Amino acid sequence: MLYWYRDLMISKKLKKKRERHMHRVEQYYRADPKSKVFSDKKRSWEHFVGKRIPWKEYFIVIRATNPDNLFEVMSTRQLILRHYERTDLYVIGLYSSNDEALTAVQEMLIDGYAENAEYSPKDEFSKDEAYECFTAEEVK
């Protein structure tokens, strides 16, 4: 499931049409039918050949799936893979480039530690009630 942080950090470029960009990310995540594609042992990209899909690439900052890490920055093109179908992703930020996403994470950490020496980003972003799950209709 894809969960969005209530105070989603988003780039200035994408802020004007926020819902549209969120919907596109949802389309990557909910590309149907993943199970049918992989049951025939096809590669993930073969399902989309000849079909119109949102190939615009976004970069999302998610809560790390590995407990040793703080955050992960990943491309939305990875969301078509079957592995992500089974995992819950908690999206903290949405950006148009990888450099922009990395800079935003860096600034967030620098600002947090400047305000408070005991700042813990894991604690701040680990509360599940701070995330919302949107259906495809809500994102539209």
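## Helix α2 and His 21

Helices and strands are DSSP runs, numbered from the N terminus. In this predicted model, His 21 lies in helix α2, which covers residues 18-29. The relative accessible area of His 21 is 9%, and the residue is therefore buried, the cut-off for this class being under 20%.

Apart from residues up to four places away in sequence, His 21 touches Leu 14, Lys 56, Tyr 58 and Leu 94. Tyr 95 stands 74 residues from His 21 in sequence, while their C-alpha atoms are 9.7 Å apart in space.

## Overall architecture

The protein chain contains six helices and five strands. Their order along the sequence is β-α-α-α-β-β-β-α-α-β-α. Among contacts in the protein chain with a separation of 6 or more, 72% are between residues 24 or more positions apart.

Of the 140 residues in the chain, 41% count as buried. The accessible surface of the chain is about 8900 Å², and carbon and sulfur atoms contribute 48% of this area.

## Helix α4

Helix α4 comprises 18 residues, 98-115.

Which residues of α4 are buried? They are Ala 101, Ala 104, Val 105, Met 108, Leu 109 and Gly 112. These residues cover an arc of only 130 degrees around the axis, and therefore lie on the same side of α4. An α-helix has 3.6 residues a turn, so residues three or four places apart point the same way. The other side of α4 carries the exposed residues Asp 99, Ile 110 and Ala 114. The packing partners of the buried residues of α4 are the strands β1 (2-10), β2 (59-63), β3 and β4 (89-95), together with α5.

## Aromatic pairs and a charge over a ring

A pair of aromatic rings is described by the distance of the centres and the angle of the planes. The model has four aromatic pairs. One of them joins Phe 71 and Phe 125, with 5.5 Å from centre to centre and 75 degrees between the planes, an edge-to-face arrangement. Together with Tyr 5, Phe 71 and Phe 125 make up one aromatic cluster.

The pair of Tyr 113 and Tyr 119 is edge-to-face because its planes stand at 85 degrees, with the ring centres 5.3 Å apart; the cut-off for this class is over 60 degrees. Tyr 113 is partly exposed, its relative accessible area being 42%, whereas Tyr 119 counts as buried at 14% relative accessibility. Elsewhere, Tyr 90 has the charged end of Arg 63 over its ring, at 3.9 Å from the ring centre.

## Thr 87 in a loop

Thr 87 is placed in the loop between β3 and β4. When neighbours within four places in sequence are left aside, Thr 87 is in contact with Met 1 and Tyr 29.

Note on methods. Residues numbered from 1 in each chain as written. Predicted model: local features only at pLDDT ≥ 70, side-chain atom pairs only at ≥ 80, totals over all residues. Heavy atoms only, no water. Phe/Tyr/Trp six-rings, centres within 6.5 Å; stacked < 30°, edge-to-face > 60°. Buried < 20%, exposed > 50% of the residue type's maximum accessible area, 1.4 Å probe, protein only. Lys NZ or Arg CZ within 6 Å of the ring centre and 35° of its normal. Helix = DSSP H or I, 4+ residues; strand = E, 2+ residues; numbered from the N terminus. Contact = heavy atoms within 4.5 Å. Areas by Shrake-Rupley, 256 points an atom, 1.4 Å probe, with all protein chains shown as cover. Expected span 1.5 Å × (residues − 1). Arc of directions from axis to C-beta.
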